[in-house]
Amino acid sequence: MKRLLAFAVLPFIAAPAMAGPYVLNKTEVKLDGTSYDSTTTEVRAGYEQKVNNTVKVYGEVGPGYEWKTGADGQGILVYEAGVKADLTKNLEGKMKVEGAYGFTDKTAGTKIESTVQYNF
């Protein structure tokens, strides 16, 4: 039992020092003003690799499901790829491309996002 507990806790303790494969779940609820619009839940498999001491690149892909008000739910395929970098001691930057393909409505959507974070 101790080995199982240690194995389960290890990724949370050592995550900043490790690069490699991972699995994540993402659930997003959208509101249109104060009214419910949609819920999307996804399971992604990903891989993160250090390029050097300050830069990491990553990619994720996986299935998901989307429920929308006034429409049938649908299965989706989601993806994300990006780069994270320590710009200075206290400044981090991230740029990503994220998208989804709906199997029922045969539509694809993509967004590009960048963030800059200052850590005190």
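Trainee: Why is Glu-80 called buried?

Mentor: Glu-80 has 6% relative accessibility, and buried means under 20% relative accessible area, with exposed over 50% and partly exposed in between (1.4 Å probe, protein chains only). Glu-80 therefore counts as buried. Keep in mind that this is a predicted model, where local features need pLDDT of at least 70, side-chain atom pairs count only at pLDDT 80 or more, and totals for chains, interfaces and linings use all residues. Residues are numbered from 1 along each chain as its sequence is written, and side-chain values use heavy atoms, leaving out hydrogens and water.

Trainee: What makes the link between the side chains of Glu-80 and Arg-44 a polar contact?

Mentor: The value is 2.6 Å. A polar contact is a pair of N or O atoms within 3.5 Å; within protein, one must be able to donate a hydrogen and the other to accept it, and residues adjacent in sequence count only if both atoms are side-chain atoms. The Glu-80 and Arg-44 pair is such a contact.

Trainee: Which residues touch Glu-80, neighbours within four places in sequence aside?

Mentor: Taking contact as heavy atoms within 4.5 Å, they include Arg-44, Tyr-58, Lys-94 and Glu-98.

Trainee: How do you know that residues 1–17 call for caution?

Mentor: Their pLDDT, the predictor's confidence in each residue from 0 to 100, stays under 50. Where pLDDT is low, the predicted coordinates should not be read in detail. For the protein chain, the mean pLDDT is 87, and 85% of residues reach 70 or more.
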